[in-house]
Amino acid sequence: MEFNSPFDCILFDLDDTLYSSNVGIAQACKRNIEGFLASKFGVSAERSASLRIELFQSYGSSLAGLIALGYDIHPDEYHGFVHWTLPYEWIKPDPQLQELLNTIQQPKIIFTNADRKHAKRVLERLGIDEECFDGMVCFETLNPHLFEEKSSSSSSSSSSSVPSPDVILKPSMAAMAAAVRVAGADPRRTLFLDDSERNIAAGKAFGLRTCLVGKRVKIKEADYLLESISSLRIVIPGIWGELEVEEEKKEHEMVRRNELGSIRAAAQVEA
């Protein structure tokens, strides 16, 4: 059968997309962030919780906010506290997901704000071979400048004319551009799956085809809605080159029914 898909590449978010948000990793991550803020700045649990929300709303992440505010925090220090101590044992192997991913012929790219070590741990827990993916866009990919020596980074940071944030993460256009650059595909023929409405809206604005995962209400920027990644083939069979064929059949059937209806109506009027 001829392979005829509208998608040349698939971008997969990681957390709460390749596994259910019910696992609880996101909640554990939030608690770790609040713990980091509390220990770093000596604030109460209540203040650290509100500070986390303030930083996320203003800067997209706590780390991005802290760096933007001038705090000298290395990403590894932050991720070591926030990610590397997560209860990864909560994530269970998903052999069905591995089988599903193996059937996708197009290049598959992991696109996450998390660091590479965290991404690798999640894939290991899911039982998914990292080689199943053709690339990974993660924190280090998006922010190589944060891992440079201070002497070089300080000179580059003096340019105030650059509008990009110090930390590049989804949902910024810079992050979307980086993912598409790694994918090497036309955004209009690239499918982007994510559990965040903000990220999906940004992806649509960039020109990607979008799929909101893990939600029950579809936003206008989402071309597709998945309650679970397991229903991917049912909801978007076009990945496997099946959507257009079915749509064409439905269109032909609809046109034929309309034509037959018009003929019958005309015949009744003439009678």
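Begin with Met173, Met176, Ala177 and Val180 in helix H9, which meet Asn199, Ala202, Gly203, Ala205 and Phe206 in helix H10. The residues of this contact comprise seven nonpolar, two polar and no charged. The model is a predicted one.

Now display the two helices whole. H9 covers residues 173-183 and H10 covers residues 197-206; they pack at an angle of about 65°, and their axes are 10 Å apart. H9 and H10 are therefore roughly perpendicular to each other, since angles of 65 to 115 degrees fall in that class. The crossing of H9 past H10 is right-handed.

Zoom out to the whole protein chain. It has 12 helices and six strands. Of its 271 residues, 44% are buried. Among contacts with a separation of 6 or more, 65% are between residues 24 or more positions apart.

Next, select helix H1 (residues 25-41) together with helix H2 (residues 45-59). H1 and H2 pack at an angle of about 110°, with axes 8 Å apart. That makes H1 roughly perpendicular to H2. On the H1 side, show Lys30, Ile33, Glu34, Leu37 and Ala38; on the H2 side, show Ser48, Ala49, Leu51, Arg52 and Leu55. The residues of this contact divide into six nonpolar, one polar and three charged.

Stay on Ala38, which lies in H1. Leaving aside residues up to four places away in sequence, Ala38 touches Val43 and Ser48.

Move to the loop between S1 and H1 and select Asp16. Its phi is near 65°, a positive value in a residue other than glycine. Is Asp16 buried or exposed? Asp16 has a relative accessible area of 13%, so it counts as buried, the limit being under 20%.

The last stops are aromatic. The structure holds seven aromatic pairs. One of them joins Phe7 and Tyr224, which sit edge-to-face at 6.4 Å centre to centre, with 75° between the planes. Phe7 is in the segment before strand S1 (9-12) and Tyr224 is in strand S6 (residues 224-226), so the pair links distant parts of the chain, 217 residues apart. Both Phe7 and Tyr224 are buried.

Then select Phe139 and Phe147. The ring centres of Phe139 and Phe147 are 6.2 Å apart and the planes are at 80°, so this pair is edge-to-face. Colour the two residues by accessibility: Phe139 is buried, with a relative accessible area of 2%, whereas Phe147 is partly exposed at 30%.

Finish at Phe36, Tyr78 and Phe81, which form one aromatic cluster.

Definitions and conventions:
Residues are numbered from 1 along each chain as its sequence is written. This is a predicted model: local features need pLDDT of at least 70, side-chain atom pairs count only at pLDDT 80 or more; totals for chains, interfaces and linings use all residues. Side-chain values use heavy atoms; hydrogens and water are left out. Axes are lines fitted to C-alpha atoms, for helices over the stretch in contact, and angles run from 0 to 180 degrees between N-to-C directions. Helices (H or I, at least four residues) and strands (E, at least two) are DSSP runs, numbered from the N terminus. Angles under 35 degrees count as roughly parallel, over 145 as roughly antiparallel, 65 to 115 as roughly perpendicular and the rest as oblique. A crossing is left-handed if the near helix is turned anticlockwise from the far one by less than a right angle, and right-handed if clockwise. Contact means heavy atoms within 4.5 Å. Ala, Val, Leu, Ile, Met, Phe, Trp, Tyr, Cys and Pro count as nonpolar, Asp, Glu, Lys and Arg as charged, and the others, Gly among them, as polar. Rings of Phe, Tyr and Trp (its six-membered ring) pair if their centres lie within 6.5 Å; planes under 30 degrees apart count as stacked, over 60 as edge-to-face and the rest as tilted. Buried means under 20% relative accessible area, exposed over 50%, partly exposed in between (1.4 Å probe, protein chains only).
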